[in-house]
Amino acid sequence: METFSVQGTTASRAPGNRLQAITGVNASGNLEVLVERVLPDNECSVEVATAVAGFRDLWQAVIAAFFERSAPGGLRFSINDGGARPETVTLRLMQSARLMEVDQ
Amino acid sequence: MTNWEKQRHERQVRLDEANRYASGKLVSSENAKALLEAVIRSGDRVCLEGDNQKQADFLSEILASVDPSHIHDLHIVQSGIVLQAHLDLFERGIARKLDFSYSGPQGAAIARALEAGRIELGAIHTYIELFARYFIDLTPHVALIAAVSADRNGNLYTGPNTEDTPTIVEATAFKSGIVIAQVNEVVEKLPRVDIPGDQVDFVIKAERHFYVEPLFTRDPANVTEGQILMAMLAIKGIYAEYGVKRLNHGIGFPTAAIELLLPTYGERLGLKGKIATHWALNPHPTLIPAIESGWVEQIHSFGSEVGMDDYMAARSDIYFTGHDGSLRSNRMMCQNLGLYACDMFIGSTLQIDLAGNSSTITPGRIAGFGGAPNMGADAHGRRHPTDAWLKAGREASDGPVSLTRGRKLVVQMLETFGEKMVPSFVERLDSLELAEKFKLELAPVMIYGDDVTHIVTEEGIANLLLCRSAPEREQAIRGIAGFTEVGRGRDRKAVEALRHRGVIRRPEDLGIDVLDATRQLLAAHLIEDLVTWSDGLYHPPSQFRNW
């Protein structure tokens, strides 16, 4: 198990009023994401706990691209990873950011 | 005086020798070996019907058991090298030269035999390329074929897996060759005649039914959300964009996802009747929900699929069937319509380079081509226009529209990483290394980059028709290559510029909501759901049953 955190800044607050959402499953090749609206409006972060060590550089690239693409200001993401491939991580992160926009 | 009938004479000599083992055209399985030894001569070109699906497995085993001191140096000319017995022919020195098109499970064994010098390789072909050569310079002297049943006159019923049989028999029987069929049973009256008896010399009731491999069954349970996202991109960004009605799908999971999304996502987009109505396609079980929802007008098939027989027999408005009710497939015809009458081929691949060349080669395996290179090629002899074909042609050209030919859409779908995090995008195809190792004159390329019009990954669609230079094409490919080294090596400014021009389109550019990319969107979640959709007419092979 490897854990680390990636921080980012965005121009604006992520849309929507939802405070928390969860998506995905912590299974082999997949991942679970918990999102909480707990940070200042222009900050975002992803806390990663992954079963597969040694890909930190790749995670950082995936997360940086996500911050740029989704601009998730104010959101903290916590990932439980079961060895998902980068494109699955991207899809889950984007889905979880979108979930915060829609009403429950 | 020139003898102009040497071939006919030779045929008669062999038949005279063989007739002692036959009663009329019927030969018992005990006499099968003696029959083959009587009609086959060393150096003959032999087609041992090994199709994509159907295998003359009994005759293959008999041929592999003949005495190599009596019969040797055969030249094997057939589509598929997929059985152990096919390799045994070379291991035992019965056969020496090989011209084929597809090897699937025997890819590694062929590579080993080639390295050990036991196979002299002519060439690796596409299906219709090899069929074409049957009629010009690789005509079989003897064809050993497979059918479901025969009557005493040698008429054959092939059942749904007609596949290559009419083509093989045409080339052999009409050039003074000898045709021997293995059948599951000999009957008084056939359900229908697929091969007329006067083209068949001998019939052997085999000791067991011929083998057919289920190749096109994709379990919806294994479709991933990444593949669903790619399917949404393809439907909205390509099918709808070009109004593609006539098409062929490959056999991978991404295209299975498209089939399962037509009645859900496609319906929501209002595309029913506007896309995907006419198909060149094997009977994919995953297309059942779309058929049952009224999406599909007509399907012609290369072969059949295990478990689909009753369903197809009950849907003769959709499939080509005999008057007996069962499917009639034909690989030669279906490949031809794939070339000249489909506006799009869309399929998966394993590896793609910076020019868009694609390959399914993995190290140490010679897997062959099958039909994909023809499905995935623009036929320059095509002259009839459709909107999709014209639009594709015009996107690729800056010349005067009046004399611009159309283009077939050739779409490659692949996830940016394959199994075990192997990147799908590479600077150099593995097939180049393979070609060096086995001294092949031509590195195997499944689809050449200049035929590819679009590449779809989870990151988006690259429209190569709109690229005007090699560097532009390279950045378009890097721009959808995700977090592979090729993807991370992109020129970000150039990629953004391509995105503004619509050369690269991301899900958000197409108004695709990532929240829709869930398994809920599939019309069937399990094989069992396909059975339900089919009204109980689809009978999945046992390896796909878990209830």
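## The sheet of chain A

Chain A of this predicted model holds an open sheet of five strands in the order 1-4-5-3-2, with mixed pairing; strands here are DSSP runs of E with at least two residues, helices are runs of H or I with at least four residues, both are numbered from the N terminus, and two strands pair if DSSP finds at least two bridges between them. Strand 1 (2-9) and strand 2 (20-24) of chain A stand at the edges, each with a single partner strand, so one side of each has no neighbour in the sheet. Neighbouring strands of this sheet are turned by 15° against each other on average, direction ignored.

Strand 2 and strand 3 (residues 31-37) of chain A pair in the antiparallel sense over five bridges, and Gln20(A) stands opposite Glu36(A) in strand 3 of chain A. Helix 1 (residues 56-70) of chain A packs on the sheet, where it touches strand 1 and strand 4 (43-50) of chain A and makes about 30° with the direction of strand 1 of chain A. Helix 2 (residues 86-99) of chain A packs on the sheet as well, touching strand 2, strand 3 and strand 5 (75-81) of chain A, and its direction makes about 30° with that of strand 3 of chain A. Angles run from 0 to 180 degrees between N-to-C directions, with axes fitted to C-alpha atoms, for helices over the stretch in contact.

## The sheet of chain B

In chain B, an open sheet of eight strands has the order 15-14-13-16-19-20-21-22, with mixed pairing. Its edge strands are strand 15 (298-300) and strand 22 (504-505) of chain B, each of which pairs on one side only.

Strand 16 (residues 344-348) and strand 19 (residues 409-413) of chain B run parallel and are joined by five bridges, with Val410(B) in strand 19 of chain B as the bridge partner of Phe345(B). Helix 9 (residues 253-268) of chain B lies across strand 13 (246-249), strand 16 and strand 19 of chain B, running at about 125° to strand 16 of chain B.

## A helix pair in chain B

The axes of helix 1 (residues 6-18) and helix 2 (residues 32-39) of chain B come within 8 Å and cross at roughly 155°. That makes helix 1 of chain B roughly antiparallel to helix 2 of chain B, a term used for angles over 145 degrees.

Arg14(B), Glu17(B) and Ala18(B) in helix 1 of chain B meet Leu35(B), Ala38(B) and Val39(B) in helix 2 of chain B, contact being counted if C-beta atoms, placed from the backbone, lie within 7 Å.

## Positive phi values

Ser176(B), although not a glycine, has a positive phi of about 60°, and this residue lies in the loop between helix 7 (165-173) and strand 10 (178-186) of chain B. Ser176(B) counts as partly exposed, with 16 C-beta neighbours inside 10 Å, while Lys420(B), with 6 other C-beta atoms within 10 Å, is exposed; a residue is buried at 20 or more such atoms, exposed at 12 or fewer, and partly exposed in between.

Phi of Lys420(B) is near 55°, again a positive value in a residue other than glycine, and Lys420(B) is found in the loop between strand 19 and helix 15 (430-437) of chain B.

## Contact between the chains

Twelve residues of chain A are in contact with 15 residues of chain B. Helix 8 (residues 225-242) of chain B gives the most to the side of chain B that touches chain A, with three residues.

## Basis of the model

Residues are numbered from 1 along each chain as its sequence is written, while chains are lettered from A and ligands numbered from 1 in the order in which they are written. In this predicted model, local features need pLDDT of at least 70 and side-chain atom pairs count only at pLDDT 80 or more, whereas totals for chains, interfaces and linings use all residues.

Notes
Two residues are in contact if their C-beta atoms, placed from the backbone, lie within 7 Å. Angles under 35 degrees count as roughly parallel, over 145 as roughly antiparallel, 65 to 115 as roughly perpendicular and the rest as oblique.
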